[in-house]
Amino acid sequence: MERIYRSIFHLPLVLIIAACSNYLDILPDDQITDQTFWQTEQDVELALNGIYNTLRNNFVYGYGGGYDACTPNAYQWAHWEGQQMQVGAGQIYSGSGGIVSSRWTYCYQGIYRANYFLENIDKVTSLTDEQNSVYKGKAYFLRAVFYDLLVKTYGGVPLVLNTLTPDEAKNLTRASEVEVWNQIHEDYNEAIKVLSKDASTGHITLGAALGMKMKAYLYNSQWEEVLEYCNKIEALGKYSLFPSYYGLFQFENEGNSETIFSLSFMAGPYSQGSVFDRYWQPQNLKYGIDGSNSVAPIQDLVDAYETIDGTAIDPENPYENRDPRLDFTILRPGAYFQGQLYPDEIKNHTGQLVGYGIRKYTIETMEVKGNESPLDFMILRYGDVILCEAEALIELNRDIDRAIDLINLIRRGREDVKITAIPKGLHQSETREIVRKERRVELALEGQYWDDIKRWNIGPEIYPVEVRGALGELIQIKFPNGYDIEKDNYLPIPDSEISLNPNLDQNYGY
């Protein structure tokens with residue numbers, strides 16, 4: 001648990017340098033001191049940015065849709081990058097490193113920063129009471145987001161609500177999942193009290209707090225509360241489906257009407273950009289960087305896309321008459337990217353044998369430097385909320401036809417996605433299957449499906465899954481021995497943490 005303590009409050013150096021060019025000549029470069037900080041609103045902004053910046057880490061939200069490699073949607077051939085491939089194959093263990101240890105470390109880093117912020121902001125006496133409350137609300141929101149990721153990943157974890165000494169950190173025990181979820185809701189409630197729906201800067205708004213709280217209820221199948229918060233989001237009158245599914249993920253449209261909570265990225269050399277183009281794009285591009293295709297969609301996901309008119313897929317022309325979201329999401333043979341034919345003119349990395357690439361969240365219209373993509377990543381968008389409302393209605397067996405209308409809004413409500421409408425008059429079990437499939441397709445390669453598999457407890461139904469190459473060769477079998485819900489819905493507590501604090505009990509099966 002010393003790692004929780006060691007995740008001390010390091011603000012990004014670029015922010016410090018931007019605030020004061022000679023800062024590093026005056027102070028040590030690894031800490032902020034109370035004697036020189038917490039004096040102005042600019043200090044508060046820098047500190048808040050320090051919390052927010054943790055979200056960009058690859059083991060928090062910075063790997064984006066790469067987390068679909070933890071599911072039957074995709075395969076991470078670059079298995080050393082974060083071990084999402086091992087998670088998706090059932091090959092993870094407590095000493096794996098990668099996501100097992102790093103998600104724990106960086107989420108607790110964000111929590112430490114949030115706690116430090118909340119304990120010190122009152123020192124800045126120049127803030128009005130309203131400003132102070134709003135800043136605190138944002139810190140509570142971010143702390144809830146970190147705990148949300150931790151509890152979904154590991155189950156019950158230590159609840160740390162204040163800064164700790166090393167000795168205190170070494171003696172923590174795991175709270176129950178219920179206790180962690182209760183704290184998450186308390187923190188979201190603190191944010192909801194004070195945040196504005198129309199914040200002029202940043203991405204932490206009332207809509208984001210309402211939406212993330214709704215998703216916390218969704219994860220725990222609290223359907224009445226899901227509907228309550230979907231209605232609160234609707235009542236803001238702020239969000240709507242963006243008219244183009246393809247355009248939704250393009251740089252020129254970021255911050256559009258569908259964005260509820262996004263992870264902000266900026267071009268430049270100070271680690272504020274995303275890795276998506278560096279990791280997802282193919283090679284030999286007309287302009288931009290050569291990507292590594294390190295996560296590739298697999299046939300199991302491609303097969304989930306229907307035809308536009310509901311007819312059978314033509315095996316001789318498998319990409320014709322398909323749901324347009326297939327081509328907007330996945331780079332497939334015979335498609336063009338930057339005007340170049342794949343995989344003839346542009347190629348996969350030599351290590352990537354699957355034969356598909358990720359198109360979503362890559363930039364086609366301008367040159368991007370490696371690890372400096374400026375395109376924001378939507379952690380929560382309005383299309384997801386629509387499907388959450390539909391799912392809640394279905395699970396409550398209440399107004400199934402209304403749920404079908406919502407699903408059809410996703411299937412037919414955009415200018416560039418018009419596929420066969422789902423008919424009315426279906427039973428609960430039929431619509432449950434439909435909404436789950438629709439979530440998989442609509443939110444493919446957005447990092448959502450891993451959570452859905454766990455909360456639906458469908459692992460034993462969908463695994464094993466074969467990963468095959470472009471020539472049909474078998475590359476891997478995901479969960480070849482089947483999926484154990486009690487074990488595989490969680491990652492293990494890292495060995496490195498248990499060695500520092502033997503009070504931490506290991507998860508079942510590890």
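**Helix α12 and its surroundings**

Helix α12, residues 223-235, has 13 residues and reaches 18 Å from its first C-alpha to its last, close to the 18 Å expected at 1.5 Å a residue; the expected span is 1.5 Å times one less than the number of residues. The model is predicted: local features need pLDDT of at least 70, side-chain atom pairs count only at pLDDT 80 or more, and totals for chains, interfaces and linings use all residues. Residues are numbered from 1 along each chain as its sequence is written, and side-chain values use heavy atoms, with hydrogens and water left out. Helices (H or I, at least four residues) and strands (E, at least two) are DSSP runs, numbered from the N terminus.

- In α12, the residues Trp223, Val226, Leu227, Tyr229, Cys230 and Ile233 are buried; buried means under 20% relative accessible area, exposed over 50%, and partly exposed in between, with a 1.4 Å probe and protein chains only.
- An α-helix has 3.6 residues a turn, so residues three or four places apart point the same way.
- The cover over the buried residues of α12 includes α10 (177-194), α11 (206-219), β2 (259-263), α17 (382-395) and α20 (449-456), where contact means heavy atoms within 4.5 Å.
- Just after α12, Gly237 adopts a positive phi of about 65°.

**Helix α10**

- Helix α10 has 18 residues and reaches 27 Å from its first C-alpha to its last, close to the 26 Å expected at 1.5 Å a residue.
- Its buried residues are Val180, Trp181, Gln183, Ile184, His185, Asp187, Tyr188 and Ala191.
- These buried residues of α10 pack against α8 (129-154) and α11.

**The chain as a whole**

- The chain has 23 helices and 10 strands.
- Its radius of gyration is 23 Å, close to the 24 Å that the globule rule gives for 510 residues, so the chain is as compact as a globular protein of that length; the radius is taken over C-alpha atoms, and the rule is 2.2 Å times the number of residues to the power 0.38.
- Along its principal axes, the C-alpha trace spans about 70 × 50 × 45 Å.
- Of the 510 residues, 58% count as buried.
- Among contacts in the chain with a separation of 6 or more, 68% come from residues 24 or more positions apart.
- The chain has 45 positive and 72 negative side chains, and the centres of the two sets lie 1 Å apart. Lys and Arg count as positive and Asp and Glu as negative, while His and the chain ends are not counted; each charge is placed at NZ of Lys, CZ of Arg, CG of Asp or CD of Glu.

**Individual buried residues**

- Phe337 lies in strand β5 (residues 336-337) and is buried, with a relative accessible area of 1%.
- Leaving aside neighbours within four places in sequence, Phe337 is in contact with Gln281, Leu285, Leu331, Ile346, Arg359, Thr362, Ile363 and Glu364.
- The C-alpha atoms of Phe337 and Leu285, 52 residues apart along the chain, are separated by 8.4 Å.
- Gln250 sits in the loop between α13 (245-248) and β2; Gln250 is buried, with a relative accessible area of 5%.
- Apart from neighbours within four places in sequence, Gln250 contacts Thr362 and Leu375.
- Gln476 belongs to strand β10 (residues 474-478) and counts as buried at 9% relative accessibility.
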